[in-house]
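Biologist: Could we go through this model together? I would like to begin with the strands and then move on to the helices.

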Amino acid sequence: MNKTNTLYEGKAKIVYETDEPDKLIVYFKDDATAGNGEKKGTIQNKGIINNEMSAFFFKLLKDHEIKSHFIDKLSDREMVVQKLNMIALEVIVRNVAAGSLAKRLGLPEGTPLKTPVLEYCYKNDELGDPLLNRYHIMVLDLASVNELDEIEHISFCVNQVMINLLKAKNIRLIDFKLEFGRDEKGGIVLADEISPDNCRFWDMTTNEKLDKDRFRRDLGGVEEAYQEILKRVTA
C-alpha cells in the first residue's frame, strides 16, 4: 500500500489517500493546540503515543464487538484505517464534571455525575464547534434519528468498556470525545482516535491529570503525563 494524495491535515493528524481506494493512512503529529487553536505548541513524541494508544483501544473495542475504522498499525506514527464518510459531529461522554461542563453547570471540577452525560458539538472550526441537540442535528441534516440512536448506544458501550479497563489500572475516565462516520453500506462506524488528546484521564488516588489538560492549563510535565498514561493503559 502506498500513499497518494493528502486528503486532510488537521491540528494533530494528517490523513492520506492510498492506492487502495477504501483505505487511508493516518499520520499522528506532535503538534498541540488548545482554545480553538489560540494556543499552539509541541508535545514531544505525542504522535507516537497517540497512535499506540488509539490502536490499543480500537483493538480492545473490537474484542467487545464494537466496530471502528482501525485496520492496522503501520508504523510508530501511522495507522491504516477504513475510508468513511465522516459525520460532522463530536460526541462527548462525561462521567465526572470537568472543563466546560463544570463551568456551564456551576459544579466543582471532579464532581461525579449521577449518570453519564452525552453531548454533541458541531464539528465546524469557523463556528467554534458549538453545542448541538438532536433538533439542531436534524435541522442541519447531519444525522438521522436512527443514526443518533446508534451513535449514542456505541458511545455508552465504549464508555463502559474503557471504565472497566481503566479502573483496574487506577485511572478515572473523566470524559472523552468520539467521532463517527458511515461505511459504504451506510453503517455507523467509530473513527478518529482515543488518546490523551481527546480523553481526560485522572489518577484514581491523587487526581493527577494524565492528559492534554496539562498542556491546556500550563501545568507542566506534559510529556511525562503522556508517557505515564500510555505505560499504564497498555501494560
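**Strands and helices**

Biologist: How many bridges join S10 to strand S11?

Modeller: Two bridges join S10 to S11 (residues 131-132), and the two strands run antiparallel. Strands here are DSSP runs of E with at least two residues, helices are runs of H or I with at least four, and both are numbered from the N terminus. Two strands pair if DSSP finds at least two bridges between them.

Biologist: And which residue of S11 is the bridge partner of Tyr120?

Modeller: Leu132 is the partner of Tyr120 in S11.

Biologist: What kind of model is this, by the way?

Modeller: The model is predicted: local features need pLDDT of at least 70, side-chain atom pairs count only at pLDDT 80 or more, and totals for chains, interfaces and linings use all residues. Residues are numbered from 1 along each chain as its sequence is written, and side-chain values use heavy atoms, with hydrogens and water left out.

Biologist: Back to the strands. How many bridges join S9 to S10?

Modeller: Seven bridges link S9 (residues 89-96) with S10 (residues 112-122), again in an antiparallel arrangement. Arg94 stands opposite Val117 of S10.

Biologist: In what order do the strands of the open sheet come?

Modeller: The order is S1-S2-S3-S7-S6, five strands with antiparallel pairing. Strands S1 (3-9) and S6 (70-73) stand at the edges with a single partner strand each, so one side of each has no neighbour in the sheet.

Biologist: What joins S6 to S7?

Modeller: Three bridges join S6 to S7 (residues 78-82), and these strands run antiparallel. Asp72 has Val80 in S7 as its bridge partner. Helix H1 packs on this sheet, touching S3 (23-28), S6 and S7, and the direction of H1 makes about 130° with that of S6. Touching, or contact, means heavy atoms within 4.5 Å.

Biologist: Now the helices. At what angle do H1 and H4 cross?

Modeller: The axes of H1 (residues 46-63) and H4 (residues 145-167) cross at roughly 110° and come within 11 Å. The two helices are therefore roughly perpendicular (65 to 115 degrees). Phe56, Phe57, Leu60 and Leu61 of H1 make the contact with Val158, Val161, Met162, Leu165 and Leu166 of H4.

Biologist: How do H1 and H6 pack?

Modeller: H1 and H6 (residues 222-234) pack at about 25°, with their axes 10 Å apart. They are therefore roughly parallel (under 35 degrees). Among the residues of H1 in this contact are Lys46, Ile49 and Glu52, while those of H6 include Tyr226, Leu230 and Thr234.

Biologist: Last topic: how many helices and strands does the protein chain have?

Modeller: The chain has six helices and 14 strands. The C-alpha trace spans about 50 × 40 × 35 Å along its principal axes. With 235 residues, a compact globule would have a radius of gyration near 18 Å, and the chain's 17 Å agrees with that. This radius is taken over C-alpha atoms, and the globule rule is 2.2 Å times the number of residues to the power 0.38.

Conventions. Axes are lines fitted to C-alpha atoms, for helices over the stretch in contact, and angles run from 0 to 180 degrees between N-to-C directions. Angles under 35 degrees count as roughly parallel, over 145 as roughly antiparallel, 65 to 115 as roughly perpendicular and the rest as oblique.
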